[in-house]
Amino acid sequence: MKPAAFDYVRAESLDEALDVLRNEGGDARIIAGGQSLMPMLNMRLARPRILVDIMRLAELRRVEPRQGNIAVGAAVRQAELLEWPALDRDLTLLSLALPWTGHAQTRSRGTVCGSIAHADPSAEMPLALVALGGEVVLRSARKRRRVAAHDFFLGVMATDRNDDEMIEAVEFPATNGRRCAFREVARRHGDFAIVACAAVATERGVRLAVGGVADMPVAREFDILPASALDGALNAFAWDLDARDDFHATARYRRDLVRMIGHELIAEVTR
Amino acid sequence: MTRMAAEQRHRIRFTLNGEAVDRACEPRMLLTDFLRHEIGATGTHVGCEHGVCGACTVNVDGRPARACLTLTLQVEGSEVRTVESLADRQGRLGLLQSAFRRHHALQCGFCTPGILMSLDALFARRANADEAEIRDVLTGHLCRCTGYAPIVRAALEAAAELRGETNREAVDA
């Protein structure tokens with residue numbers, strides 16, 4: 001399994017990268033850490049004519065607070081975000097979810113934004129972005145626009161990004177002491193999730209997001225309810241996700257996991 | 001802007017196990033193939049070629065990396081280390097390799113180079129790594145022979161030795 005041939009641009013400025021996208025958009029792909037894109041290239045599920053490497057762009061390699069959000073630039077590797085000193089306090093959910101994102105050997109190169117651009121329905125970074133209600137900052141040679149997480153993910157590996165755009169950064173609302181919880185079931189720690197759930201405490205109750213079941217991560221708000229009513233609400237959520245049987249698990253097992261993990265996480269963040 | 005055409009070979013410079021590499025390759029060449037076919041360093045093994053098995057794990061700028069998910073051109077200017085760096089010039093096994101031999105932590109040996117490089121990177125950062133951390137790193141590798149238990153034992157012993165808690169020199173000599 002070897003990639004089909006492509007031209008390679010080692011971008012020396014953001015404008016250079018955006019120019020390539022403007023001129024050759026649909027044929028070009030951004031490569032950052034490559035941990036989602038390289039398997040696609042090796043298996044020839046993707047055959048871009050040109051790759052644009054953005055990892056030398058210092059302006060994309062920043063984690064910074066921005067008006068209540070934490071902005072993570074497109075060249076920030078997952079391992080680097082894990083080592084960000086304020087992670088536990090400001091991005092509690094990410095501190096829980098990142099250790100489940102791939103393996104140490106892929107987090108060392110893979111970027112946070114790359115995982116979100118790839119939009120695998122069972123991946124942890126898109127799930128965390130949806131759970132926190134974050135935003136994706138898209139940039140083209142013409143303009144910059146912001147898209148809410150729930151509008152960005154459109155389906156399995158499908159997003160709202162246009163061919164001439166790249167993700168410049170993603171912004172996660174800072175957790176500010178809100179309780180968060182995360183749990184995942186996979187065949188092997190670090191493999192794609194059969195079901196992954198993230199919960200964040202809100203003013204009225206809990207926001208629960210589920211990955212690995214629907215075509216994209218899905219979040220729902222739960223008020224603080226008596227146990228029996230919560231059972232019903234979680235059951236409705238589990239069915240609404242429209243689980244399917246596949247090689248890894250049955251739809252029924254996935255619904256069971258959503259109900260069970262959902263209960264545990266809601267208890268954990270409302271305790 | 002440096003645009004490197006698909007069908008041409010382009011200059012690539014990096015450091016491999018402390019020695020300068022100055023060669024050329026096509027953009028699509030994976031680091032696994034460059035190491036094995038261009039350099040002739042066949043210690044890095046090729047398994048699944050999509051990042052799952054871990055056999056091709058090397059060290060790039062101090063961190064473990066899948067060589068099969070890395071384009072050679074991406075390591076321009078980097079320091080790359082492979083399993084060939086673990087033994088000394090006389091071919092004497094390194095500390096981690098010796099522990100693997102003592103504990104029968106390999107049978108066919110196909111997965112071993114990648115596991116050694118992951119553990120080497122772990123111990124370089126965290127000399128106090130405990131069993132849970134070792135097992136967490138090992139989730140990034142598939143070994144179909146050993147059942148992992150001897151690998152964990154070897155890693156724990158190597159970690160203790162690195163911390164100076166045991167000294168095996170007399171035994172190995």
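This is a predicted model: local features need pLDDT of at least 70, side-chain atom pairs count only at pLDDT 80 or more; totals for chains, interfaces and linings use all residues.

Which domains does the domain assignment of chain A give? The assignment gives domain 1 at residues 7-53, domain 2 at 66-173 and domain 3 at 180-270. Taken over C-alpha atoms, the centres of domain 1 and domain 3 of chain A are separated by 34 Å.

Let me turn to a sheet of chain A. The strands β11, β12, β13 and β14 of chain A form an open sheet of 4 strands, in the order β11-β12-β13-β14, with antiparallel pairing. The edges are taken by β11 (180-185) and β14 (218-223) of chain A; each has a single partner strand, so one side of each is left without a neighbour in the sheet. On average, and with direction ignored, neighbouring strands of this sheet are turned by 15° against each other.

Within the sheet, β12 (residues 195-201) and β13 (residues 205-211) of chain A pair in the antiparallel sense over 6 bridges. A:Ala198, for instance, has A:Ala209 in β13(A) as its bridge partner. Helix α11 of chain A, residues 251-270, lies across β11, β12, β13 and β14 of chain A and runs at about 155° to β11(A).

Next, the nonpolar cores. The largest comprises 58 residues, and those with the most contacts inside it include A:Ile54, A:Leu93 and A:Phe172. Helix α8 of chain A, residues 124-132, contributes the largest share of this core, with 7 residues. What does A:Leu93 touch, not counting residues up to four places away in sequence? Among its contacts are A:Ala128, A:Ala131 and A:Leu132, as well as A:Cys180, A:Phe182 and A:Ala198. A second, separate core has 30 residues, including A:Ala46, B:Val21, B:Phe34 and B:Cys68.

That brings us to the interface. Here 35 residues of chain B are in contact with 40 residues of chain A. How much area is buried between chain B and chain A? The value is about 3300 Å², of which carbon and sulfur atoms give 49%. B:Arg3, B:Arg28 and B:Gln74 supply 20% of the area that chain B buries against chain A, more than any other three residues.

Just after α2(B), B:His104 takes a positive phi of about 50°.

Conventions. Residues are numbered from 1 along each chain as its sequence is written. Chains are lettered from A and ligands numbered from 1 in the order in which they are written. Side-chain values use heavy atoms; hydrogens and water are left out. Two strands pair if DSSP finds at least two bridges between them. Helices (H or I, at least four residues) and strands (E, at least two) are DSSP runs, numbered from the N terminus. Axes are lines fitted to C-alpha atoms, for helices over the stretch in contact, and angles run from 0 to 180 degrees between N-to-C directions. Contact means heavy atoms within 4.5 Å. A nonpolar core is a set of buried Ala, Val, Leu, Ile, Met, Phe, Trp, Tyr and Cys residues joined through side-chain atoms within 4.5 Å. Buried means under 20% relative accessible area, exposed over 50%, partly exposed in between (1.4 Å probe, protein chains only). Domain bounds come from an automatic or database domain assignment. Buried area is the accessible area (1.4 Å probe) that two parts lose on being put together, summed over both.
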